[in-house]
Amino acid sequence: MSEYNENDKNITNNEEPKIWSAGNDAGLPQPDQLTEEDIYRILQDDAQDIEPPASLSPAQIEKKLQNVVQDETRKRSPWVYVAGLAACLVFGVMAGLLTFSLINRGGDEQGEMQTVMPDKVAQSDVSNEKSEDTAEETESEVHEGSLSYDEVCDIINKYNAETRQQYKGDIEYMVEDADMVEEAAPAVEEAAPAANDAAGDASKSETSDRFDTTGDYSETDKQVEGVDEGDIVKTDGKHIFTVEPSTFGFRIHVIEPNGNKSTEVGRVEVPQSNCQEMYLVGDRIFAIGTGWSDGSDLRNGEYDYKWYRGSELSRTRTVTTVIDISDATAPKIIKSHTQTGRYNTSRICDGFLYVFTEDWYERDTDYEKDKPEEFVPQIDGEICAPGCIVRAGDKYINNYMVMTSLSVDDPDRITDRLAVLGGGATYYVSTENIYIARPDGSNNYGWFGISASDITSITKFRYNDGKIKRVAETTFRGTISNSYYMHEYQGNFCFVYTSRGRSGATTNGLCVLDGDLKPLGELDKIAVGEEIYASYFIDSMAYFVTYRNTDPVFAVDISNPSMPVLKSELKLPGFSSYLHSFGTDKLIGIGYGDSTKDGEGWDNTAKLSLFEIGKDYSITELSKIFAEFGANHIADSNHKAIFVDEERGLVGLALMSDGYDKDTGEYTFLQHYVVYELVGKKFVKVMDDKNENMNDGISYENLRGVRIGETFYVCDPTGVQTAYTISGDGSKWKKA
């Protein structure tokens, strides 16, 4: 054989072939310069150098065939098969060597083929080996209506082609008519928030005692009883756990509560990840957040705001980290799981953690069907099998909602997985079902990719023992802004919505659907020209607030699902952006109003209202209290940041004031935590933690209140800020 590297003759299964560089084969003929005679000669030379492996020697083959039971109907000698096998093997090896020789002799000018092909082969081998080893672990139920990779690729590519065409048309139109761009800008501003926003048994397992809480301490506020929600501060009565971003990821602090002498007794560092929320379950913490992704969350600054997806390694991932805290002084990471997509939300129910992420893909890419790893979500590094991919709706789309379940008692592997092509936005989770509301996937995107349509799709999934199954779907005209707009009652599904027409005029309504999401009853055209700002359901009653110039509070009876009845309407100045039950016959509303005495100011100051619900469901505002002028809260964007203790009549929240103080004539900036107590029919402020340290790099959005016994702790991500003794009689609290 002509020039070659002598080491290539001794390649073994444990050695990678040594690649010839362009410098070593200078002057050698290119593949297209070889004649048939040249190729035949090379084959002959290569064949002479090939030695059959020992396993194919006649002695070894005869030994293997001694125990073979021959089919009496077949009279062919086994050596016929052996000869054929040997011939195929020799020919295959010869052809492989020829191809290898030609590639390395020819190659392209940059030598790309020399370096890429062996890597691909090695990667494929590892992938196949890994798939075989983890086949049992990744096996999931084949879902009805599941999609093949080819079907998924066609859907995404179709969407991308249509949106590129739409985007091109928008840009051309903007260039032709700059005046129209200016006119359209306010509409974009108005529509953006809607687009961004639209961005039973407590246990059924044998280990349900893990959820039985003992001791006297507060828990994270939950929308549905029996369905736990995560937050950045948790307590089990014995310790307080807080989450803080760190230089290389995040850390969890373990605090031993002892009033203002509370001390940190342990901590654990989790690398290269954020932590948006965590759960405390027995002697384990489940910390969840979007992992660091090498710039995938950066945008390229172009009009289409494309998300970077440069390589498989830069795909955005959500990481669930399981931490053992059986020894609070030495917490340790015992397991981590990943799923592609940005973290949206999660819940714990029936002994399982359910994690939901949103996985988006490039709109300017045409994906290849033989590369599903580039357009299919991955769970723990393995792409979802076709049987685990379903479609929400019939629209072309390029994003998924990725859903996983994990046993809190056996967190070593993912229990179930489901990738829903169609994405999600707002999640409501009952004790048996998951409802996901998302903007319609239509390609009618208008300016800058903002949907001009007013259609929302709702998909229902049933879950049990960690298994998730899609059961129904529907669409309606209108938008659902957060999970508190949705409610499940006696097997039916109810929601409130705001609908915005193309002219910008708004109207609101309430719908009741059956278990298959078929319409049962509806109230529409409520508060025309206004928009829903808050909603809260208590059994068969729906309460919601709309706002424009006044603050109407509506009460709707849904006990007869086919005929919802508007029971009362109370109009007040200002508005509430958060509602919560407060005892059996009261509601609290946190929002904004005009705190000036003459009533001629703006609705820009945080206020707390107390509403009474009459026997005829009439609503009366008993009292309201304002924070300092210009104070802000986050009750509308994160209900878990609000402390509500209905039994003790306490409401706690963090405030941030950044405005002009008319009394002092100065501009103020203050972040602090306040607690109000209900005394009679009015709220009084019993605690105001105006701790100067709160302005030292700590945002009011990250402050939380925790009660352990009769001690109240104000916590930030680093631990306990201050502690107070609860008075219980409306008097000012003293530091503990």
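Predicted model: local features only at pLDDT ≥ 70, side-chain atom pairs only at ≥ 80, totals over all residues.

Asp 216 is partly exposed, because its relative accessible area is 40%; here buried means under 20% relative accessible area, exposed over 50%, and partly exposed in between, computed with a 1.4 Å probe on protein chains only. The side chain of Asp 216 forms a salt bridge with that of Arg 707, with N and O 2.9 Å apart. By salt bridge I mean a side-chain nitrogen of Lys or Arg within 4 Å of a carboxyl oxygen of Asp or Glu. Asp 216 sits in the loop between α7 (178–197) and β1 (233–235), and Arg 707 in strand β37 (residues 704–708), so the pair ties together parts that are 491 residues apart in sequence. Helices (H or I, at least four residues) and strands (E, at least two) are DSSP runs, numbered from the N terminus.

Residues are numbered from 1 along each chain as its sequence is written, and side-chain values use heavy atoms, with hydrogens and water left out.

How many salt bridges are there by this rule? The count comes to 22. One of them joins Arg 251 and Glu 269, whose closest N and O atoms are 2.5 Å apart. This pair links distant parts of the chain, with Arg 251 in strand β3 (residues 249–256) and Glu 269 in strand β4 (residues 263–271), 18 residues apart. Arg 251 is buried because its relative accessibility is 17%, whereas Glu 269, at 37%, is partly exposed. A further salt bridge brings together the side chains of Asp 154 and Lys 369, at 3.1 Å from N to O. Here Asp 154 is partly exposed at 39% relative accessibility, and Lys 369 is partly exposed with a relative accessible area of 40%.

I turn to charged residues without such a partner. Lys and Arg count as positive and Asp and Glu as negative, while His and the chain ends are not counted. Arg 284, in strand β6 (residues 284–290), is buried yet has no salt bridge; Asp 283, the nearest side chain of opposite charge, is 4.6 Å away. What lies 2.8 Å from a polar atom of the Arg 284 side chain? There we find the backbone oxygen of Val 408.

Asp 557 belongs to strand β26 (residues 553–557). Asp 557 is likewise buried without a salt bridge, and the nearest side chain of opposite charge is that of Lys 567, 4.3 Å away. A polar atom of the Asp 557 side chain lies 2.9 Å from the backbone nitrogen of Ser 559. Leaving out residues up to four places away in sequence, Asp 557 touches several others, including Ser 540, Met 541 and Lys 567; contact means heavy atoms within 4.5 Å.

Next, the interior. A nonpolar core is a set of buried Ala, Val, Leu, Ile, Met, Phe, Trp, Tyr and Cys residues joined through side-chain atoms within 4.5 Å. The largest such core has 48 residues, and those with the most contacts inside it are Met 403, Ile 434, Phe 461, Phe 493 and Phe 495. Strand β21 (residues 492–500) supplies the largest share, 5 residues. A second, separate core of 31 residues includes Ile 155, Ile 156, Val 376 and Cys 384.

Residues up to four places away in sequence aside, Phe 493 touches, among others, Tyr 428, Ile 458, Val 512 and Leu 517. Leu 517 has a positive phi of about 65° although it is not a glycine. Where does Leu 517 lie? Its place is the loop between β22 (506–513) and β23 (519–526), and Leu 517 is buried because its relative accessibility is 1%. Ala 527 also shows a positive phi, near 50°, in a residue other than glycine. Ala 527 is in the loop between β23 and β24 (531–538) and counts as buried, with a relative accessible area of 19%.

Key. Polar contact = N/O pair within 3.5 Å; in protein donor to acceptor, adjacent residues only side chain to side chain.
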